[in-house]
Amino acid sequence: MRRPMHWPYRACACGCVPPALQAGVEPFDVDFVEAIDFLKKKVDMPTAMWTDLWQQEHSAAFTVAGATTKALVRDFHDAVNKAIASGETLETFRKDFDRIVADHGWDYNGGRNWRSRIIFDTNMSTAYAAGRWQQIQEVKAERPYLRYVHLEGQENPRPEHQSWHNLVLPVDDPWWQTHYPPNGWNCHCTVQSLNARDLDRYGFSVAAKAPETRMVEKVIMTSGGPRVVTAPEGIDPGFSYRPGEMPALLDD
């Protein structure tokens, strides 16, 4: 049987370290098949802005904001697929980023280091989250609880994410539908799968109920102009869904 997610949680269920957590130092020890497959199966989708696709649509489509030709999107998709399959670091991915930008003459927004990190980090973290969820479902009869883990030591931690650290809820609690991480840009929060023995061993307890969710309105920009959306407080607009969850029309 697959190795379950274990303590201390710096690894996926398979034991490999997600790229968002490894600070660009060590490559992965074990291929994470579910995450690799999740990324590979995405359909290339040119877009003017990241918000032109919304939430679950990002589970079905691969997009890079401002990459408006299918050939450019395809090259970035290939580079990200290679990075996750080979266990590449951000610095290695940046070589592909530079080559693709030069080949296509792409005029992108933001600095090179920031833009390449956003592409790498967001695709890797959501792919690993989607893969972990598949594994969580496979073992939830034996490991029926999830613990929210906030990565400590960040320069600008989000207060809400810090407040959710060590929160333990059943796997099937509806709270995870909107709060399963990552919960925003550069969010490195994760979850840990637990059983009753783990709770006793590490002194965790299952919360009587999930934290109250307060929905807030925010204005986002799309290629069609500004749009008002709602999101749970503490979660960036567009991230209040579970990575890997498909749009309703594709559920069947």
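Two strands pair if DSSP finds at least two bridges between them. Keep that in mind for the opening stop of this tour of a predicted model.

**Stop 1: the strands**

Select residues 145-149 and 190-194. These are β3 and β5. Five bridges join them, and the two strands run antiparallel. Now pick Y148. Which residue in β5 stands opposite Y148? It is V191.

Stay on β5 and show its side chains. T190, Q192 and L194 point one way. V191 and S193 point the other way. Are these residues buried or exposed? All are buried, on either side of β5. The strand is mostly covered, with five of its five residues buried.

**Stop 2: the cysteines**

Select C187 and C189. The structure holds zero disulfides. C187 is in none, and its nearest cysteine sulfur, that of C189, is 3.7 Å away. Colour both by accessibility. C187 has 3% relative accessibility, so it counts as buried. C189 has 4%, so it counts as buried too.

**Stop 3**

**Stop 4: the aromatic rings**

Switch to the rings of Phe, Tyr and Trp. The structure holds 16 aromatic pairs. Select W164 and W175, which form one that is edge-to-face. The centres are 5.5 Å apart, with 85° between the planes. This pair links distant parts of the chain, eleven residues apart. W164 sits in the loop between α6 (159-163) and β4 (168-170). W175 belongs to helix α7 (residues 175-179). Both W164 and W175 are buried.

Next, select Y202 and F204. Their ring centres are 6.4 Å apart and their planes meet at 40°, so the pair is tilted. Check the accessibility of each ring's residue. Y202 is at 25%, so it counts as partly exposed. F204 is at 14%, so it counts as buried.

**Last stop: a ring cluster**

Select F76, F97, W106 and Y108. Ring pairs link these four residues into a cluster.

Notes: Residues are numbered from 1 along each chain as its sequence is written. This is a predicted model: local features need pLDDT of at least 70, side-chain atom pairs count only at pLDDT 80 or more; totals for chains, interfaces and linings use all residues. Side-chain values use heavy atoms; hydrogens and water are left out. A disulfide is a pair of cysteine sulfur atoms within 2.5 Å. Buried means under 20% relative accessible area, exposed over 50%, partly exposed in between (1.4 Å probe, protein chains only). Helices (H or I, at least four residues) and strands (E, at least two) are DSSP runs, numbered from the N terminus. Rings of Phe, Tyr and Trp (its six-membered ring) pair if their centres lie within 6.5 Å; planes under 30 degrees apart count as stacked, over 60 as edge-to-face and the rest as tilted.
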